[in-house]
Amino acid sequence: MKTVFWLFMFLVGLAGVVIPITYLYTASKLPRLESEFDVESQLRHRIEGDRMSVLAGRMDQGIRDRSSVTFTRPDFSRMPKDLVALYIRQMECPTYFQTPREDGRAWAWRLFAGVTPGKAPPGDGACERRLAMRIAREMGIEGDLQLSVAAHRLHAFFQKDQLVAYDLSIIRFERGVIGVEDAARKLFHRELGELQLSELAELQLALPPYGYYGDIKACKN
């Protein structure tokens, strides 16, 4: 019994050394993630490059459409509340904005569970993790461990509304059409804030988990 106890203590001590070292090593290989400015600048570089590549073959329209290339900082206040409500409900997070942000041991355990076999802990923290990992993936980060470390770094300075705003602003629908504001212009030929509830509901079908953007664009029922 004593042997088992000391073996357990040894494993706990080993984990207390290995896990921090693994985290620090992985974090050192990631892009700079110290603030929202770091995230915004890296996303801008990738998204504006993608949009510009679409205009490369249309130089006659390039000057006129240059404003459509610019990636602006995602702002939750610009997002229609009905669209946000539909989106988080379809993510199976209807109480997302009614619960406090997950932090401390609960958040650390969720990240650890995300890179190990087994069932994820319940709670809205799962949605926070999913959103943070989507943002990290759009920044070009790959691998479960790398994404989990990046999600932790993002979660340190992003509030819950910012996670939603960034996620909705970086969804890729097709080449050059990135974010719900682009999708609204492409599908309805109007700004996102001008859409009616029925149109927002239709736009929701273009978002995850449905992904019917191509069908809506082709006017399929």
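What share of the contacts in the chain with a separation of 6 or more is accounted for by residues 24 or more positions apart? The share is 64%, where contact means heavy atoms within 4.5 Å. The structure is a predicted model, in which local features need pLDDT of at least 70 and side-chain atom pairs count only at pLDDT 80 or more, while totals for chains, interfaces and linings use all residues. Residues are numbered from 1 along each chain as its sequence is written, and side-chain values use heavy atoms, with hydrogens and water left out.

**Overall build**

The chain holds eleven helices and two strands, which follow one another from the N terminus as α-α-α-α-α-α-α-α-β-β-α-α-α. These elements are DSSP runs numbered from the N terminus, helices being H or I over at least four residues and strands being E over at least two. Of the 221 residues in the chain, 40% are buried; buried means under 20% relative accessible area, exposed means over 50%, and partly exposed lies in between, with a 1.4 Å probe and protein chains only. The accessible surface of the chain comes to about 12900 Å², and 59% of that surface belongs to carbon and sulfur atoms; such areas come from the Shrake-Rupley method with a 1.4 Å probe, and for residues only the protein chains shown count as cover.

**The nonpolar interior**

In soluble globular proteins, nonpolar side chains tend to be buried together. The largest nonpolar core here has 54 residues, and those with the most contacts inside it are V39, L43, I135, L168, L192 and L203. A nonpolar core is a set of buried Ala, Val, Leu, Ile, Met, Phe, Trp, Tyr and Cys residues joined through side-chain atoms within 4.5 Å. Leaving aside neighbours within four places in sequence, V39 is in contact with L33, I135, M139, L154, F157, F158 and Y166.

V84, placed in helix α4, is buried with a relative accessible area of 4%. Not counting residues up to four places away in sequence, V84 touches F76, M79, F97, V164 and L168. V84 and L200 are 116 residues apart in sequence, yet their C-alpha atoms are 9.6 Å apart in space.

Helix α8, residues 160-170, is mostly covered, since ten of its eleven residues are buried. Among the buried residues of α8 are V164, Y166, D167 and L168.

**Salt bridges**

Side chains of opposite charge can pair when their charged atoms come close. A search of the whole structure finds 18 salt bridges, each being a side-chain nitrogen of Lys or Arg within 4 Å of a carboxyl oxygen of Asp or Glu.

| Salt bridge | N to O distance |
|---|---|
| R51 and D182 | 3.0 Å |
| D167 and R134 | 3.1 Å |
| E138 and R172 | 2.8 Å |

With R51 in helix α2 (residues 36-55) and D182 in helix α9 (residues 180-188), their pair ties together parts that are 131 residues apart in sequence, and both R51 and D182 are buried. The pair of D167 in helix α8 and R134 in helix α6 ties together parts that are 33 residues apart in sequence. D167 counts as buried at 2% relative accessibility, whereas R134 is partly exposed, with a relative accessible area of 24%. Because E138 lies in helix α6 and R172 in strand β1 (residues 172-174), their pair ties together parts that are 34 residues apart in sequence. E138 is buried, with a relative accessible area of 9%, and R172 is partly exposed at 36%. Elsewhere, salt bridges that share partners join E36, E40, R44, E48 and R73 into one network.

**Cysteines**

A disulfide, taken as a pair of cysteine sulfur atoms within 2.5 Å, joins C93 to C127, with an S to S distance of 1.5 Å. This pair links distant parts of the chain, 34 residues apart, with C93 in the loop between α4 (81-90) and α5 and C127 in helix α6 (residues 125-138). The torsion about the S-S bond of C93 and C127 is about -70°, so the disulfide is left-handed. Both C93 and C127 are buried, whereas C219 counts as exposed at 71% relative accessibility.

W109, F112, V115 and L145 make a nonpolar surface patch of about 370 Å². Patches are made of residues with over 30% relative accessible area and no salt bridge, like charges being joined within 9 Å and nonpolar side chains (Val, Leu, Ile, Met, Phe, Trp, Tyr) within 5 Å. W109 is found in helix α5, residues 104-114, and counts as exposed at 52% relative accessibility.
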